[in-house]
Amino acid sequence: MLTIRSLVDVPSLGLRVLVPGSGEEPGGPDPLDTSLRWLHNTELLDPSGYVRDRELVLTNGLWHDGANAAEFVSNVVRASGAGIVFGLLETTPVTPPDLVRACAAERLPLVELSVTVPFTEVTRQAAAQLAGQRQRELVDTVRRGNDLAAAISRGAGATGVLKVLRRDHRVPLAVIDRMGRVLAADGARPDAEDARRVAEGLKRHPPPLELDLGPSGMAALFLVNTLGGADAALVCLRSLDLLGETEREALTQAAHYLSLEVARTELMRAIESRFAHELLEMILSGSRAAGEVAGRLEAFGIRPDGPLVVAAVALRGEEAPSEAALAKQIGDLLAAEGIPAVVVAGSQDIVAIFPWDEHSGAATELARRIVDSLRDEVVAREVVVGIGGVAENSRELRPSLRQARDACLVLRRGSGRPVAHFAELSSHRLLLGAQDEDVRRRFADSVLGPLRRHDTARGAQLETTVRAFLEHDGHWAATAAELYIHVNTLRNRLAKVAELTGNDVSTTEGRVDVFLALEADALTGQR
């Protein structure tokens, strides 16, 4: 790298440091080691209109005759010059003391050049160093490109790309997509809030190149573009101004290779999703496609002749899952458990089919672990999982699939537990759960509304009475004893219930309607 120090270290130049300068903050970078853009030869008192930032100013001091050295130094500082090289002449055998004082006051490096060495020799050495630096950078770029291509070709993915980068540049890195998924990380541990902020940034137009991640500080974003736009970002958990030019170039190069990897991953995911959707359709079509179902399962690494379980996942109160990210996360969770699975994002739920050699209760425990993980990492809304019965082989998957979806539907439209096996749900709950919430609410209100209005107006207890009667399976004496009333009083109250609702709970038909109304009311969360 071309710096003041690298020039001073060339013996033939005979440069002598008079003012080493100093960083803006204690412990900051040494100005002698600052990367130089180039050299600028001037004899103007104010060269600020021509000097670029990080340029080293060469001067013989012809401007010094009658001029203030402090003004010259101030103009160089205003142009963000890197320092001054004062070339001695036979007429000026000593660097002017006021120039030394001015540079010291501004903390600007000042180097003295011997009278026997021309500025052209300094320029020639600088050009040689820059050429060597550019050549090394080009070699590094080609080598890194080869390593990145090799990492992707052998299937190392985004993680492999980060490892290649971190070999030469020890900066904290992560790859985060616009869904808020951390695809890879090395030297950094972005949390869910960091991922969310990056995802929001990627959805802006145009996406930011630097982002405030709050407690994690500033982050530089190098966009990973596919045909769909900025689908992900190579995130460096450092601000842009703390990254050197070489680091930025390396990160930009890696982002281009990540674009290929993300595009390849998306294509593979699309193919797998299509195959998975076709598999779901084959299962639903029944015996006509039974042979093809077995072949598809084998393609996903699942034995079709062994026991299988189907789980349906959805978000409570939602008509559909949030996005395909939920299906991807479920697949990742099952893979982390060492379970091969087919995960399909349907219109109403997400279906997971996987082999199962344990008892059905263990599947419920697995579902609970999935719910806990999704609650912590993916969504704020409540996740529910319905589990079907164990299918003996791929030919028995259709009933298990229907059971899992029915159980999931009950959980999604109701309230309470997040996980249930189909066998755990009563038939009336499956019946009510399959209905829309508005339908359940209207039905419950048509039966219970008259009782509640009567109780409110008269201070009566008809609803409490009928609940107790059903809970005691229609036993008159037991109900009267619990309510501390006479059996005749109980008969009178239930007669009033029949009058108001048209349902005589002393008969089976009347009890069914009132019981279903109470259960529908509980599912809608009115009470």
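Where is the place of Tyr-484? In this predicted model, Tyr-484 belongs to the loop between α15 (476–483) and α16 (487–501). The report returns to that residue below, after an outline of the whole protein.

**Overall composition**

The protein has 527 residues, of which 46% are buried. Its secondary structure comprises 17 helices and 15 strands. Among contacts with a separation of 6 or more, 62% are between residues 24 or more positions apart. The accessible surface amounts to about 26200 Å², and carbon and sulfur atoms account for 51% of that area.

**Backbone features in loops**

Tyr-484 has a phi near 55°, a positive value in a residue other than glycine. The relative accessible area of Tyr-484 is 76%; because the cut-off for exposed is over 50%, Tyr-484 is exposed.

A positive phi is also found at Ser-80, where the angle is near 65° in a residue other than glycine. Ser-80 lies in the loop between α2 and β4 (83–87). With a relative accessibility of 42%, Ser-80 falls between the limits of 20% and 50% and therefore counts as partly exposed.

A further backbone feature concerns the peptide bond between His-205 and Pro-206, which is cis, with omega at about -5°. Pro-206 is situated in the loop between α6 (192–202) and β8 (210–212).

**Packing of helix pairs**

Two packed helices are described by the angle between their axes and the distance between the axes. Two such pairs are set out in the table.

| Helix pair | Angle between axes | Distance between axes |
|---|---|---|
| α2 (residues 69–78) and α3 (residues 97–106) | about 40° | 8 Å |
| α14 (residues 462–471) and α16 | roughly 105° | within 10 Å |

The crossing of α2 past α3 is right-handed. On the α2 side, the contact involves Ala-69, Ala-70, Phe-72, Val-73 and Val-77; on the α3 side, it involves Asp-98, Leu-99, Ala-102, Cys-103 and Glu-106. By class, the residues of this contact of α2 with α3 comprise eight nonpolar and two charged, with no polar residue.

For α14 and α16, the axes cross at roughly 105°. That value falls within the range of 65 to 115 degrees, which means that α14 is roughly perpendicular to α16. Helix α14 contributes Leu-462, Thr-465, Val-466 and Phe-469 to the contact, and these meet Leu-490, Arg-493, Leu-494, Lys-496, Val-497 and Leu-500 in α16. The contact of α14 with α16 contains seven nonpolar residues, one polar residue and two charged residues.

Thr-479 is located in helix α15. Its relative accessible area is 0%; because buried means under 20%, Thr-479 is buried. When residues up to four places away in sequence are not counted, Thr-479 touches Thr-465, Ala-468, Phe-469, His-472 and Leu-490. Among these, Thr-465, Phe-469 and Leu-490 also take part in the contact of α14 with α16.

Terms used
Residues numbered from 1 in each chain as written. Predicted model: local features only at pLDDT ≥ 70, side-chain atom pairs only at ≥ 80, totals over all residues. Heavy atoms only, no water. Axes fitted to C-alpha atoms, helices over the stretch in contact; angles between N-to-C directions. Helix = DSSP H or I, 4+ residues; strand = E, 2+ residues; numbered from the N terminus. Left-handed = near helix turned anticlockwise from the far one by under 90°. Contact = heavy atoms within 4.5 Å. Nonpolar A, V, L, I, M, F, W, Y, C, P; charged D, E, K, R; others polar. Buried < 20%, exposed > 50% of the residue type's maximum accessible area, 1.4 Å probe, protein only. Areas by Shrake-Rupley, 256 points an atom, 1.4 Å probe, with all protein chains shown as cover. Parallel < 35°, antiparallel > 145°, perpendicular 65-115°, else oblique.
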